Amino acid sequence: MSRSAHPAGPRHGDVLPEGHYQAPPADLNALDPRVWSRTVARDADGVVTVGGIDVKRLAAEFGTPAYVMDEEDFRTRARAWRDAFGTDADVYYAGKAFLSKAVVRWLHEEGLNLDVCSGGELAVALAAGMPAGRIALHGNNKSVDELEHAVKAGVGHVVVDSYEEIERLAAIAARYGVRQPVLIRVTVGVEAHTHEFIATAHEDQKFGLSLTGGAAAEAVRRVLGHPTSLELRGIHSHIGSQIFDMAGFEVAARRVVGLLAQVRDEHGVQLPEIDLGGGLGIAYTSDDDPREPAEIAAALADIVRRECRAAELDVPRLSVEPGRAVVGPTAFTLYEVGTVKPLEGLRTYVSVDGGMSDNIRTALYDAEYSVALVSRTSDAEPMLVRVVGKHCESGDIVVRDAFLPADLVPGDLLAVPATGAYCRSMASNYNHALKPPVVAVKDGGARVIVRRETEEDLLRLDIG
């Protein structure tokens, strides 16, 4: 196949149409280890490999698009979080980031607990053998069926999110003769420096019970009013997602500990647990600089100890909920280039065989991603591209602005790293697209852990 260059579109250090200056990387063939999983490399022929398997083989065997997950990287990150927090704290993997039976088994084997936020996620967790006592159930509007399922299964915590849910859960627990452990989710008034739709602790949103308005304190009273069916274990806070700065956690911890002190003073009870949620960021591009789990653990433990000392409280058991920080960097999405369309003076549009159906985050959050040519190396001049999908939407963008070699042609393979979190879990059938498979690779072997959808799957659901 000839690899003719595409002359149109900005080149080195051009000003993008939106007015942002961007320079191409020094080496288009380099793979930044902050963005890619640990076993990703280029072989002697310039083809990218992961887990000892090259992407051409993966594309030939499993097709494209496909989510390719580095199992060893996942396990290594899970162990890092477990080891960083030690035996005096609990690490709950946030299943909403990505959940499958294989992932649940990996978590179980590596010693992590699991946070779920729907009946479906709970069903997957239980089917894969996660002990119910190591599961916490979240959600701002849990149904009666979901609560009943959780109580009957014996989940370790239910994180209650409203007055109605307190009464609903108390009635269900009483009916089954269970004293259900609960945490109360509070909004602490800390607005994380992130996108509006993923900042979850400011007052004007659907999650939790307000500290400043007194709703959280009233929720404590209502839970304690059901001593035979509800066991109040502690307070839960979550301030947002893709956060790099620990300052927000410090303010959140101070306010949560303040509520613990209020509970002690009003009710004579010292609650034994606090959960500070998740939301720690990962590197989607080389500009991102995430913190290591050991640094995060030390900082959070210090914050909680300091605030409890000031409030003259016993230090409660700490829980955290990394999801993206565990699974995000472990996977990339493998695509095949379909068309290459230069627009004179603007950029080149590179269309791949997936799009917003397998990664909605760019359209939904203006998320930024990296992209690389992975089926070969190239010494061609960099060209500014926009990687787009095949759906009937102008907003169907995978990578908004990036540089790829100017000799890119249909049939080349591209990979977008750091797509382990919130890509497959938010995937859709828009335009009746088929959801890609999730392929786990490790030590030279590859296996499907979530199979590709088929047209028969779509037709089976459409009963006419």
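How are α6 and α7 oriented to each other? They are roughly parallel (angles under 35 degrees), with an angle of about 10° and axes 10 Å apart. This is a predicted model, in which local features need pLDDT of at least 70, side-chain atom pairs count only at pLDDT 80 or more, and totals for chains, interfaces and linings use all residues. Residues are numbered from 1 along each chain as its sequence is written, and side-chain values use heavy atoms, without hydrogens and water.

**Helix packing**

Two packed helices are described by the angle between their axes and the distance between the axes. Axes are lines fitted to C-alpha atoms over the stretch in contact, and angles run from 0 to 180 degrees between N-to-C directions. Helices are DSSP runs (H or I, at least four residues), numbered from the N terminus.

| Pair | Angle | Axis distance |
|---|---|---|
| α6 (residues 163-175) and α7 (residues 215-224) | about 10° | 10 Å |
| α7 and α8 | about 50° | 11 Å |
| α8 (residues 247-267) and α9 (residues 293-311) | roughly 35° | within 9 Å |

Tyr163, Ile166 and Glu167 of α6 meet Ala215, Glu218, Ala219, Arg222 and Val223 of α7 (contact means heavy atoms within 4.5 Å). These residues divide into five nonpolar, no polar and three charged. Here Ala, Val, Leu, Ile, Met, Phe, Trp, Tyr, Cys and Pro count as nonpolar, Asp, Glu, Lys and Arg as charged, and the others, Gly among them, as polar.

α7 also packs on α8. At about 50°, these two helices are therefore oblique. The crossing is right-handed. From α7 come Ala216, Ala217, Val220, Arg221 and Leu224; from α8 come Leu259, Gln262, Val263, Glu266 and His267. The classes are six nonpolar, two polar and two charged.

α8 and α9 cross in a right-handed sense. Among the α8 residues in contact are Phe249, Ala253 and Val257, and those of α9 include Leu300, Ile303 and Cys308. This contact has eight nonpolar, no polar and five charged residues.

**Cavity**

There is one cavity of 30 Å³ or more. A cavity is a set of points, on a 1 Å grid over the protein atoms alone, where a 1.4 Å probe fits but cannot get out. Tyr67, Met69, Phe98, Ala331, Thr419, Gly420, Arg424 and Val438 line the largest cavity (an atom within 4 Å of a point). That lining has five nonpolar, two polar and one charged residues.

Conventions:
Parallel < 35°, antiparallel > 145°, perpendicular 65-115°, else oblique. 1 Å grid on protein atoms, 1.4 Å probe; cavity = no way out; pocket = protein on both sides within 12 Å on 5 of 7 lines; lining within 4 Å. Points joined across faces, edges and corners; volume = space filled by probe spheres on them. Left-handed = near helix turned anticlockwise from the far one by under 90°.
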